[in-house]
Each structure stands twice: as C-alpha cells, then as structure tokens.
Protein chains: 2
Amino acid sequence: LIGWLRGSLQRGGKADLLGDDAALFPGSPGTMVATVDSQVAGVHVPEDLDAGLLAARLLHVNLSDLAAMGTARSRSEESASTWCHALVTLATPEAFDHRHFFSVLLDECAAAGVALAGGDLASSRTLTATMTLMAHQPDGWRPVRRSGARPGDALWIGGTVGESGAGLRLLRRGARLTAHGERAHVFLPPELRGDGPVADAARRAVRRHLRPRAQLELGAWLSSRPEGEHPAGLDLSDGAARDLPRLARESGVGLELDAAELPLSEGFTELCAALESDPIDLALGGGEDYVLAFALPEGVQPPTRFRCRRVGRVRREKELVLVRNGKREAWPEMGWDHLG
Amino acid sequence: LIGWLRGSLQRGGKADLLGDDAALFPGSPGTMVATVDSQVAGVHVPEDLDAGLLAARLLHVNLSDLAAMGTARSRSEESASTWCHALVTLATPEAFDHRHFFSVLLDECAAAGVALAGGDLASSRTLTATMTLMAHQPDGWRPVRRSGARPGDALWIGGTVGESGAGLRLLRRGARLTAHGERAHVFLPPELRGDGPVADAARRAVRRHLRPRAQLELGAWLSSRPEGEHPAGLDLSDGAARDLPRLARESGVGLELDAAELPLSEGFTELCAALESDPIDLALGGGEDYVLAFALPEGVQPPTRFRCRRVGRVRREKELVLVRNGKREAWPEMGWDHLG
C-alpha cells in the first residue's frame with residue numbers, strides 16, 4: 001500500500017512529504033511541521049486504560065514524531081506557549097471520562113509547551129483518540145529527515161529498546177497501571193508479583209509502554225548540527241527491525257546493526273526470561289520504543305546526557321545486515337508497514 | 001463538557017481558538033487555518049459504505065469547516081495546488097479497501113486543490129477516518145467567525161436544510177448508494193421504490209447525505225466583504241437548531257428564525273410525509289446539512305448564484321425565537337453539544 005500510495009503521490013509531485021515522521025510545509029519565515037497519530041483502544045492501548053494515561057500517551061506518541069524531525073521548542077518566554085498547537089479528535093463509547101482526559105491532556109500540554117487549539121468529539125463503539133500537532137520552526141531550522149544517511153556514518157539509538165514491547169506483553173497477561181500520576185501503582189500478573197528485580201523491571205516496562213516520553217531535546221540537538229554533521233534519523237515506533245529499513249530506503253544505503261550493542265534497560269534480560277521471550281527479538285521487534293535512531297558522521301558524539309548508544313554503521317551496499325553472536329545474519333523479517 | 005473545557009482553556013488564555021469551526025494561527029505573512037473531523041462507521045456513515053464515498057465525504061465535511069471560516073482557494077496557478085494540505089489517519093478493520101479509499105481521496109483532493117501530505121494507518125474493529133486540513137491564507141484575509149453578528153443584521157442560510165437528515169433516515173431504513181461515481185445507483189427501501197417524484201426526492205436525499213459539497217465559494221465571498229459588511233457565520237453540521245445558538249452565544253446576541261423561510265429542497269415536504277417526519281423538525285434538527293449560515297447587515301445581498309435565503313434576523317435581546325405558523329415559539333431543544 002505505502003509503495004502504491006507514494007507512486008500515486010509522486011505522479012502528483014508530492015512524494016517528498018510522505019517519507020518522514022512528519023510533513024514539512026516550507027514557508028517564509030520558517031517552516032511548519034505537522035504530524036498526526038491515533039491511539040485505538042484494544043490496538044494501541046488496553047480497552048480499559050485510564051483516560052488520563054491515554055491523553056498523556058497520545059501527546060507523547062505525537063511529540064515523538066516531532067522529535068524525530070528535530071523540532072526545537074522555542075526558548076523565548078513570549079512564544080514558549082505557542083511553539084506547537086494541537087487538534088484532538090475523540091471518538092468514544094458512552095462511559096468515557098472526557099473531563100479526566102482533558103484535565104490530564106491540558107496539564108501535559110502545558111508542561112510540553114503545546115497549546116490545544118481545537119478538535120472534534122464523536123461517539124463510537126471503539127475508543128479512538130487522534131492528535132494533530134503543528135509546530136512552527138524559525139528560519140534557519142533544518143529538519144532531520146530519513147534521507148541523507150551517508151556510507152561510513154555511525155548508526156545511533158537514543159535510548160533503550162524492547163522495554164516497551166515487554167510492557168505490552170505484560171499488559172496482555174493482565175498487568176495494569178491504574179492511573180496517570182507518577183506514583184500510580186502497577187499491578188502485575190500473579191506469576192510476576194513480588195519485590196525482586198524482575199518484578200521491578202516488569203513494573204518499569206509497563207510504565208514505559210503506557211507513558212512514553214518523546215526525546216525532544218535530543219531531536220533539537222540533532223537538528224542543530226552544523227552542515228557537515230547534519231544527521232538523518234527517525235523515531236523507533238514500530239521497532240528497530242521495521243523502522244531502520246525505512247531510514248536505509250530513504251537514504252539509498254545499507255545498514256549494519258550489531259545486536260550486542262543494542263541498549264537494553266536494567267533487568268531486561270531477566271524479565272525476558274520470565275516472559276519466555278528472546279531479548280534481541282523483543283529489542284528489535286517489540287515496537288513503541290519512541291526513542292530516536294540516527295546516522296552521524298563517524299567521530300561526532302552526542303552529549304553523554306542523552307545516553308545514546310552507537311549500534312552499527314551505514315554501508316554503501318544496499319543491504320541490511322544484523323550481526324548477532326559475531327555472525328552476519330539476514331535482517332529479521334517482521335512484515336507489516338504503515339503510512340508514516 | 002464544552003463549557004468546562006473552554007473554562008479550562010480560558011485560564012490558559014486560549015479560549016478564542018475553540019469558538020469557531022477551525023483554529024486560527026495568525027502568522028506573518030498570512031494566517032494558518034486548521035481543522036479536523038472524523039467519520040466513524042456506524043455513527044456518521046453506514047458500516048458498509050463504499051470506501052470511496054467515505055473518502056469524498058471525509059474531505060468535504062472538513063472542507064465545510066474551512067468554508068465556514070471563509071478560506072479562499074488561491075487563484076494563482078503557482079500555488080493553486082498548495083493552498084491546503086491534508087493529513088489523514090485511518091483505523092480500519094482488515095477488509096477495508098485502502099486503495100479504493102486513497103484513489104478516490106487523491107482524485108477529490110486534486111479537484112479541490114488539496115495536497116495529501118501524510119498520515120497514519122492503524123487497525124481497529126471500528127472504521128474511523130480522520131482528516132486534518134491546514135490552509136494558509138494571505139495577509140489581508142479576514143476570517144468569518146462565529147462572533148461579530150450585530151443586532152439588526154439579517155440571518156441567512158446558504159442552501160437547503162433537512163434533505164441530508166432525510167437521507168440519513170432513508171439509510172437507516174436500508175437505502176444504499178453503491179459507489180462513488182456520479183452515476184452510481186441509489187437503492188431505496190421497498191416502500192419508496194419507483195419512479196415518482198417522492199422516489200426521486202429520496203434518491204437525491206441519500207446522495208446529499210453521503211456526498212456533501214462544501215460551500216467554499218460562498219465562504220470566500222463572505223470573507224471578502226468590506227469592513228462595514230463583514231459577516232459572522234458558521235456551517236450547519238449539527239442542524240440549525242443546534243448550530244445557530246452557537247452563533248448567537250459567540251456574538252452575544254439573540255436570533256429570530258422564521259420557519260416558513262427555511263430553504264427546502266424540491267419534493268422535500270412530500271418525502272417527509274412518506275417518512276412520517278415533520279419537515280420543519282427535520283429541517284431544523286436533521287443535521288449534516290453542510291451549508292453556511294451567516295449574519296449580514298440588512299440590505300447586503302449575497303449574489304444570486306449562491307441561492308442563499310434570508311431566514312430571520314439578529315436581535316439585541318439574548319433570546320432565541322422560532323416563528324412558526326405566525327407564532328413565536330421557544331427554541332426547539334435538541335440536547336447534545338460537541339467540541340467545535
């Protein structure tokens with residue numbers, strides 16, 4: 001579908017808009033960056049998820065697309081509240097707690113400097129929340145795009161991967177986070193309850209899945225690199241095994257990824273054992289990591305505060321290679337693609 | 001909910017963005033106008049609606065919000081294709097025909113000068129299509145807002161009302177439009193089949209409901225009125241009985257609406273008889289008319305090509321009055337409100 005759609009748009013001359021995490025509207029002055037993403041109950045989040053958690057997740061999943069493009073939140077006091085505007089549509093069953101949803105959404109938006117500007121409410125059997133974000137970036141800002149990775153670049157990942165996928169598996173086994181606040185309790189399925197390090201890792205994984213945090217500061221650092229160091233990048237939303245090929249395709253290059261270098265969260269391997277999942281499979285294919293992946297010239301190092309990890313390199317040969325246990329393997333086939 | 005939400009936003013200083021059909025982002029140069037609307041299967045459209053019809057309806061329901069604001073499609077050849085950008089999210093059951101949806105959407109967008117710029121695909125039990133439109137308007141453009149109607153203004157409606165509501169009732173009785181094209185056949189329920197004027201009116205009503213056409217040219221004419229004649233307005237999406245009070249509230253005025261002046265489509269009264277519906281109730285409350293309603297100074301007349309009808313007047317007393325059979329009645333209570 002995506003190939004056909006891009007072909008159709010190419011005939012209309014608009015193909016460059018569909019390859020990235022957000023759409024770019026160059027203007028004068030500045031550039032408008034716009035993105036949209038939905039959260040569907042029973043698909044992206046549990047059917048019974050707290051409305052506040054849904055609101056926070058909706059915002060950060062969308063902000064992650066802006067982070068991937070390298071949008072920078074304005075530093076000036078005057079415009080800090082308007083660097084980004086949100087439109088929200090909610091299609092909800094009757095029992096949905098709209099006030100709780102919007103209370104949390106307004107708080108989270110205020111913390112992120114996002115202004116809620118409008119939207120639409122409808123009823124539906126299936127709870128579906130959709131957010132559009134529009135961020136205005138000043139003249140001189142350069143987007144981080146999926147295209148532009150150069151052979152020889154180092155490949156980086158901006159945070160741990162797989163933890164969110166482990167959280168999703170825990171939710172499918174009955175784990176629950178009860179409310180939006182930082183101190184809300186995570187309930188684990190019976191076989192994982194307790195106080196040990198695996199239970200702690202499990203609780204963090206559930207939180208990580210339900211409360212992602214977009215890497216806006218890392219994205220802004222990336223977009224501010226000088227001409228010779230400007231990176232290519234995207235956010236890992238469908239898992240590294242699905243997302244990194246998109247970076248390679250848009251850049252017309254190959255990639256080599258070293259599985260041993262994938263950044264994993266504390267206790268992740270032990271948690272995977274308890275879940276009877278392979279840690280590398282989950283790290284590559286679990287999805288919804290919402291960390292950035294990017295290619296930078298060899299020798300350019302992101303500041304240590306971002307805790308990025310070098311995980312491989314960009315190759316001239318248009319081939320995707322996974323190095324695992326010292327052996328070069330075919331890229332894991334995960335099927336499935338989506339529009340952007 | 002809407003009142004509480006506006007209160008919450010007012011404390012944040014953003015209330016002016018929520019009162020209109022679209023959000024306004026004043027920039028320099030020009031203004032960005034943005035709106036979002038969803039179509040949910042089983043709520044806004046039949047579960048089994050042709051994917052192409054869904055695409056066309058999604059576009060025009062959203063364009064109607066832009067028409068309500070008075071956005072003008074650029075006349076210059078150069079920018080005609082980029083006056084407006086669309087982001088689309090689809091949450092769909094497995095059997096959904098994505099290619100048909102996007103084929104028709106791209107055709108309809110091209111006809112309207114709208115460029116599809118990106119979006120997101122997800123799976124869901126309930127088909128939900130959401131579109132965001134972003135239209136850039138040049139310096140000097142003035143929006144048509146819900147506020148600004150003045151006592152003494154004449155109240156106008158830009159097209160027939162109630163026909164779409166009759167179409168919805170026919171769909172609920174089993175009527176169907178089979179495909180997207182102009183010549184696609186409307187199937188009527190057994191009791192209405194045939195070749196008479198009532199059956200013809202019924203077929204037109206089903207088409208009107210499923211294939212609304214946004215009044216963009218009328219909107220552009222309204223926004224181009226000179227200073228002393230600048231109108232207030234909105235589009236009738238929830239029915240005149242629900243929408244006109246919003247115009248009155250935002251303008252801080254009252255309205256008097258003459259039911260006898262409501263513009264009705266050919267054969268509408270006879271069709272209502274066959275549907276056992278009261279024509280005026282349906283004209284006021286049927287909803288989804290997607291025609292504009294607006295207040296203009298007495299004596300200013302829209303060009304006859306728009307086929308507008310003067311239906312009442314704006315009053316200083318903050319009271320809503322319906323004149324029916326020569327008697328002043330209380331405004332019909334239709335319940336229900338939505339976010340914008």
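These notebook entries record what I looked up in a predicted model.

**Entry 1: conventions and confidence**

I noted that residues are numbered from 1 along each chain as its sequence is written, and that chains are lettered from A and ligands numbered from 1 in the order in which they are written. Because the model is predicted, local features need pLDDT of at least 70 and side-chain atom pairs count only at pLDDT 80 or more, whereas totals for chains, interfaces and linings use all residues; side-chain values use heavy atoms, with hydrogens and water left out.

I looked up the scores of the complex and found an ipTM of 0.80 and a pTM of 0.86 from the predictor. I then turned to pLDDT, the predictor's confidence in each residue, from 0 to 100. For chain A its mean is 89, with 90% of the residues at 70 or more. Residues 12–17 of chain A have pLDDT below 50, and this stretch has twelve contacts in the model beyond near neighbours in sequence; a contact means heavy atoms within 4.5 Å. Residues 335–340 of chain A also stay under 50, and here the model has 24 contacts beyond four places in sequence.

**Entry 2: the five-stranded sheet of chain A**

I took helices (H or I, at least four residues) and strands (E, at least two) as DSSP runs, numbered from the N terminus. Two strands pair if DSSP finds at least two bridges between them. I read an open sheet of five strands in the order E1-E2-E5-E3-E4, with mixed pairing. Strands E1 (23–26) and E4 (114–123) are its edges, each pairing on one side only. On average, neighbouring strands of this sheet are turned by 15 degrees against each other, direction ignored.

I followed strand E5 (residues 128–137) of chain A, where nine of the ten residues are buried, so the strand is largely enclosed by the rest of the structure. Buried means under 20% relative accessible area, exposed over 50%, and partly exposed in between (1.4 Å probe, protein chains only). Strand E2 (residues 31–40) of chain A runs antiparallel to E5(A) and is joined to it by ten bridges. Within E5(A), A:Met131 stands opposite A:Asp37, and A:Thr128 is the bridge partner of A:Val40. Strand E3 (residues 84–92) of chain A pairs with E5(A) over eight bridges, also in the antiparallel sense; there A:Ala135 is the partner of A:Cys84.

I next looked for helices on this sheet. Helix H2 (residues 51–69) of chain A lies across E1, E2, E3, E4 and E5, at about 145 degrees to E2(A). Helix H3 (residues 98–112) of chain A touches E3, E4 and E5, and its direction makes about 160 degrees with that of E4(A). Axes here are lines fitted to C-alpha atoms, for helices over the stretch in contact, and angles run from 0 to 180 degrees between N-to-C directions.

**Entry 3: the seven-stranded sheet of chain A**

I found an open sheet of seven strands in the order E9-E11-E6-E12-E10-E13-E14, with mixed pairing. Its edge strands are E9 (232–235) and E14 (327–330). Neighbouring strands are turned by 25 degrees against each other on average, direction ignored. Strand E13 (residues 320–324) of chain A runs antiparallel to E14(A), with four bridges between them, and A:Val323 stands opposite A:Arg328. Helix H7 (residues 240–251) of chain A packs on this sheet, touching strands that include E6 (154–157) and E10 (254–258); its direction makes about 150 degrees with that of E9(A).

**Entry 4: helices of chain B**

I examined helices H2 (residues 51–69) and H3 (residues 98–112) of chain B, which pack at about 35 degrees with their axes 7 Å apart. Among the residues making this contact are B:Leu58 and B:Leu59 of H2(B) and B:Phe101 and B:Val104 of H3(B). The contact residues divide into twelve nonpolar, three polar and one charged. Ala, Val, Leu, Ile, Met, Phe, Trp, Tyr, Cys and Pro count as nonpolar, Asp, Glu, Lys and Arg as charged, and the others, Gly among them, as polar.

In helix H4 (residues 163–172) of chain B, eight of the ten residues are buried, so this helix is largely enclosed by the rest of the structure. Its cover includes strand E7 (176–177) and helices H5 (197–210), H8 (268–275) and H9 (279–285) of chain B. Just after H4(B), B:Gly174 takes a positive phi of about 110 degrees.

**Entry 5: positive phi in loops**

A:Arg307 has a positive phi near 50 degrees without being glycine, and lies in the loop between E11 and strand E12 (309–315) of chain A. I recorded A:Arg307 as exposed, at 72% relative accessibility. B:Asn325 likewise has a positive phi near 50 degrees; B:Asn325 is exposed, at 73%.
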